[in-house]
2 protein chains.
Amino acid sequence: MRLVSIDDVHRAAHAVGDVAIRTPLLACEWAEGRLWLKPENLQLTGSFKIRGAYNAIAALDPDRRRAGVITYSSGNHGQAVAYAARAFEAPCAVVMNDDAPAVKVEAVARLGAEVVPVPLAERVAVAEGLALDRGYALVPPFAHPDVIAGQGTVGLEIMAGGPTPDVVLVPVGGGGLASGVATAVKAVRPSTAVIGVEPELAADAAESLSSGVLTTWPAARTSRTIADGLRPTGLSELTFAHLHERLDGIVTVTDDQIRAAVARLAREAHLVAEPSGAVAVAAYLFQRDQLPDGPTVAVISGGNIDPRLLADVLTADPM
Amino acid sequence: MRLVSIDDVHRAAHAVGDVAIRTPLLACEWAEGRLWLKPENLQLTGSFKIRGAYNAIAALDPDRRRAGVITYSSGNHGQAVAYAARAFEAPCAVVMNDDAPAVKVEAVARLGAEVVPVPLAERVAVAEGLALDRGYALVPPFAHPDVIAGQGTVGLEIMAGGPTPDVVLVPVGGGGLASGVATAVKAVRPSTAVIGVEPELAADAAESLSSGVLTTWPAARTSRTIADGLRPTGLSELTFAHLHERLDGIVTVTDDQIRAAVARLAREAHLVAEPSGAVAVAAYLFQRDQLPDGPTVAVISGGNIDPRLLADVLTADPM
């Protein structure tokens, strides 16, 4: 299996430079030790996902792109594909589970994409079927080299000036972001440790990497975590191969730690992070004994949180 | 009266470049029209104030600086002076009103400054007295050319690449930020309109500029606004002169509009703004008919909001 290379990430950086915000590295006076944040919650559409989606769509043959693109996602990837397709004036369909929150459906529709509601279990099959029927190009959420290369531009930016981190903490769901970031960081500075972070309640990647065998947890199990963006799927063969080769380790955090990290980020860093986006900061705050020492960058992957949940964690007792 | 020049602001940019974060310009997909945010809530110490404080302390004769610095402030300027003094290893005292919230007192103390609690009405006199007694240099919150030049670096960054705004919206309290930003923006591109924004309940600058006479509202009157950072004082002679010369206009916003802007910023832009920091966005959202057309930058001046207030606006009915 060919893994994504640093050259692929550099090419992606050239492509996404047209659209993605180069988010700053924010020093955290409030955190003990030496922590910087990479706030991709400030990215267009509220998460890093625009990088991979835009890079994948930019890489399509123009005729193929004009025919249209499609994906399956109820979350940030759906918004990102809709945004990127609009930028290329390509038709776009997003297959979403029919019980997705109205606010997420509206966000995709507002970007001009067609929303196709189906039962959760049928999302992938329906998207693949529509792609064939209509001649749309399928842009998967993480299991594609162009998507991984696009997400890797987060890692390039982390290593391009400012602090030189000894540790980079990155959330792991399907593994696209972690695969891309590890590819970039390890190529630029092999001595920097890239550590994945997962919710304890959806720790299938940790189990896969420690056992050496790709393992997927049932959705009924992972649905218990508050970190909805890291729930729906295990790694793919492609992301597992990247993480197995390039990740230095993986740590898990509890849901209480995630909630506390969301609150700390709002109070001290003035950033709104979604639970999935806060797991790396949770690891820094609460699992430091499991991490290497040294200047650390934590990637905040997204900010699309239900305002009521944010209000709830802000008024809860701090940890 | 000599006004601050663009050269002064360029010199300040050189000085504060060592410490201040160059905050990005964030495009707002969620706002109708064309809006970019300059998020100084992500700045060190949570507001733009570090720019002016650091520039003023950097400009001191080294011997004078070693003797110590002092200021009066219960808010963001106090934290900024404490931070900048620590960076120069200078002794620092901050005179605060004795009913200031514990969280603000602790923030200053945590930065290594001595906190001097006094009744609100005595703050300035005590600070001036201690400055004389101890030989400390007084760094006022806004009525000083070096402070204004430092705040002006926000304007330089707004005009340095990215979108070319036709309108810049900036909060007005004591007028230091607006004076500096207007100085920079009008020098770089005279056709860009710089508009100040004030709470309707503390609109002393609007009254001063429309009447042409410096007017101060009593604290009992301005204390009604939720925008605590824009309450405590009127303009000074120096900031009045800058705004009279360089500001293109001033608009006011209601407290309900400010609350709605805080909520929109958290929900859509994933930024935590304090009420004072959100007034420029409130003007864009709710007083657009009073503003010139065209690409607009709104300065978010700070993010130090009480978490309970943030939770409250997040769960209130949206406007």
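**Close-up views of a predicted model**

A:Asp228 is partly exposed, its relative accessible area being 29%. Here, buried means under 20% relative accessible area, exposed over 50%, and partly exposed in between (1.4 Å probe, protein chains only). This is a predicted model, where local features need pLDDT of at least 70 and side-chain atom pairs count only at pLDDT 80 or more, while totals for chains, interfaces and linings use all residues. Residues are numbered from 1 along each chain as its sequence is written, chains are lettered from A and ligands numbered from 1 in the order in which they are written, and side-chain values use heavy atoms, leaving out hydrogens and water.

**View 1. A:Asp228 pairs with A:Lys104 in a salt bridge.** The closest N and O atoms of the two residues are 3.8 Å apart. A:Asp228 sits in the loop between α10 (219-222) and α11 (237-246) of chain A, and A:Lys104 in helix α5 (residues 102-110) of chain A, so this pair ties together parts 124 residues apart in sequence. Is A:Lys104 buried or exposed? With 17% relative accessibility, A:Lys104 counts as buried. To count as a salt bridge, a side-chain nitrogen of Lys or Arg must lie within 4 Å of a carboxyl oxygen of Asp or Glu. Helices (H or I, at least four residues) and strands (E, at least two) are DSSP runs, numbered from the N terminus.

**View 2. A:Lys186 and A:Asp248 form a salt bridge.** From N to O, the gap is 2.7 Å. A:Lys186 is buried at 19% relative accessible area, whereas A:Asp248, at 43%, is partly exposed.

**View 3. In chain B, look for B:Arg134 and B:Glu114, joined by a salt bridge.** Their N-to-O distance is 2.8 Å. Over all chains, the whole structure holds 28 salt bridges.

**View 4. Four strands of chain B make an open sheet.** Their order is β5-β4-β3-β6, with parallel pairing. β5 and β6 (137-138) stand at the edges with a single partner strand each, so one side of each has no neighbour in the sheet. Strand β4 (residues 92-97) is joined to β5 by five bridges, and B:Val95 stands opposite B:Val116 in β5. Two strands pair if DSSP finds at least two bridges between them.

**View 5. Chain B can be laid on chain A by a turn of 180 degrees.** The RMSD is 0.0 Å and the shift along the axis 0.0 Å, the superposition being by least squares on C-alpha atoms of residues with pLDDT of at least 70 in both copies. The two copies are thus related as by a two-fold rotation axis. Which C-alpha in chain B is nearest the axis? That of B:Ala311, 2.1 Å from the axis.
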